[in-house]
Amino acid sequence: MSSNRPATGRGPSYPEVGATRLGQLPDGYHHLHHTTRIGRGRAVFDAAGEAVTTWRMHRTSGARVRTSAPRAEPAVRLQVSIGVGPLRFTAPCEVIWTAYEHNRTGFAYGTLAGHPECGEESFVVDIGDDGSVWFTVMAFSRPSRWYARLAGPLVPVLQKWYAKRLSHTVRRLAADRYWR
């Protein structure tokens with residue numbers, strides 16, 4: 001089952017809500033598209049999808065996650081924070097869409113007021129006809145806070161690094177679950 005939710009009132013801080021579902025990312029933003037193979041087979045797909053949609057991927061990768069629900073569903077609010085002490089950045093988000101399908105599981109969250117960036121990011125696990133399992137992070141963003149603007153070209157580098165870290169985390173979580 002898939003669902004999509006339009007922006008309302010105090011929702012996302014950008015107008016292109018849901019663009020990561022469509023794959024055609026809007027102009028005027030930095031784009032990120034990172035895909036990696038994480039394994040093979042239905043058990044790996046199921047374990048990876050669960051890790052992604054229950055916030056385990058984020059938490060295991062070192063992020064703190066506070067959320068209004070145990071699983072990704074449209075309109076769920078969350079705060080993702082990374083860093084240490086005074087260098088901890090908190091990012092308020094809202095789940096925009098989810099995919100709980102036979103061959104695709106994942107979600108996207110969009111930025112809310114107070115987020116250092118403005119945009120959307122999706123985390124999706126797919127299984128191909130050949131049984132190969134893929135994890136994709138897709139995002140579009142631009143700075144919305146002074147410190148994100150100040151970081152300039154460093155932000156896309158950090159976003160790519162974090163996407164790779166999430167890929168490694170999902171691969172490890174799916175393999176651990178598969179071999180139990």
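## A walk through the predicted fold

S167 is found in helix α5, which covers residues 154–179. Before following that residue further, please keep in mind that the whole model is predicted.

S167 counts as buried, because its relative accessibility is 3% and the cut-off for buried is under 20%. Its side chain is joined to that of H34 by a polar contact of 3.1 Å. Leaving out residues up to four places away in sequence, S167 touches H34, T36, I38 and F135.

**The chain as a whole**

Now for the wider view. The chain is built from five helices and eight strands. Starting at the N terminus, the order of these elements is β-α-β-α-α-β-β-β-β-β-β-α-α. The chain has 180 residues, and 47% of them count as buried. Its accessible surface is about 9,200 Å², with 57% of that belonging to carbon and sulfur atoms. Taking the contacts between residues at least 6 apart in sequence, 58% join residues at least 24 apart.

How confident is the predictor in this chain? The mean pLDDT is 85, and 83% of the residues reach 70 or more. Confidence is highest in helix α2, at 96, and lowest in strand β1 (residues 2–4), at a mean of 42. Over residues 1–9 the pLDDT is below 50, and this stretch has 24 contacts in the model beyond near neighbours in sequence.

**Helix α2 and what follows**

Helix α2 spans residues 42–53, twelve residues in total. From first C-alpha to last, α2 reaches 16 Å, close to the 16 Å expected at 1.5 Å a residue. Which residues of α2 are buried? They are V44, F45, A47, A48, G49, A51, V52 and T53.

Two of these, V44 and F45, turn up again among the contacts of V133. V133 is found in strand β8, residues 132–143. With a relative accessibility of 0%, V133 counts as buried. V133 and F45 lie 88 residues apart in sequence, yet their C-alpha atoms are 5.9 Å apart in space. Apart from neighbours within four places in sequence, V133 is also in contact with T36, R37, I38, G39, R40 and G41, and with V125, D126 and I127. T36 and I38 are also among the residues that S167 touches.

Just after α2 comes W55, which takes a positive phi of about 75 degrees. W55 is buried, at a relative accessible area of 1%.

**Aromatic pairs**

A pair of aromatic rings is described by the distance of the centres and the angle of the planes. The count here comes to six aromatic pairs. Two of the pairs are shown below.

| Pair | Distance of centres | Angle of planes | Class |
|---|---|---|---|
| W55 and F107 | 5.3 Å | 80 degrees | edge-to-face |
| F107 and Y109 | 5.8 Å | 55 degrees | tilted |

Why is the pair of W55 and F107 edge-to-face? Their planes are at 80 degrees, and planes over 60 degrees apart count as edge-to-face, so this pair falls in that class. W55 lies in the loop between α2 and α3 (56–60), while F107 lies in strand β6 (residues 104–111), so the pair ties together parts that are 52 residues apart in sequence. F107 is buried, with a relative accessible area of 0%.

The planes of F107 and Y109 are at 55 degrees, so that pair is tilted. Y109 counts as buried too, at 7% relative accessibility.

**T111 in strand β6**

Strand β6 also holds T111. Is T111 buried or exposed? At 5% relative accessibility, T111 counts as buried. The side chains of T111 and S13 are joined by a polar contact of 2.7 Å. Setting aside residues up to four places away in sequence, T111 touches P12, S13, Y14, P92, E117, C118 and G119. T111 and E94 are 17 residues apart in sequence, and the distance in space from C-alpha to C-alpha is 6.6 Å.

Technical notes: Residues numbered from 1 in each chain as written. Heavy atoms only, no water. Helix = DSSP H or I, 4+ residues; strand = E, 2+ residues; numbered from the N terminus. Buried < 20%, exposed > 50% of the residue type's maximum accessible area, 1.4 Å probe, protein only. Contact = heavy atoms within 4.5 Å. Areas by Shrake-Rupley, 256 points an atom, 1.4 Å probe, with all protein chains shown as cover. Expected span 1.5 Å × (residues − 1). Phe/Tyr/Trp six-rings, centres within 6.5 Å; stacked < 30°, edge-to-face > 60°. pLDDT = per-residue confidence, 0-100. Polar contact = N/O pair within 3.5 Å; in protein donor to acceptor, adjacent residues only side chain to side chain.
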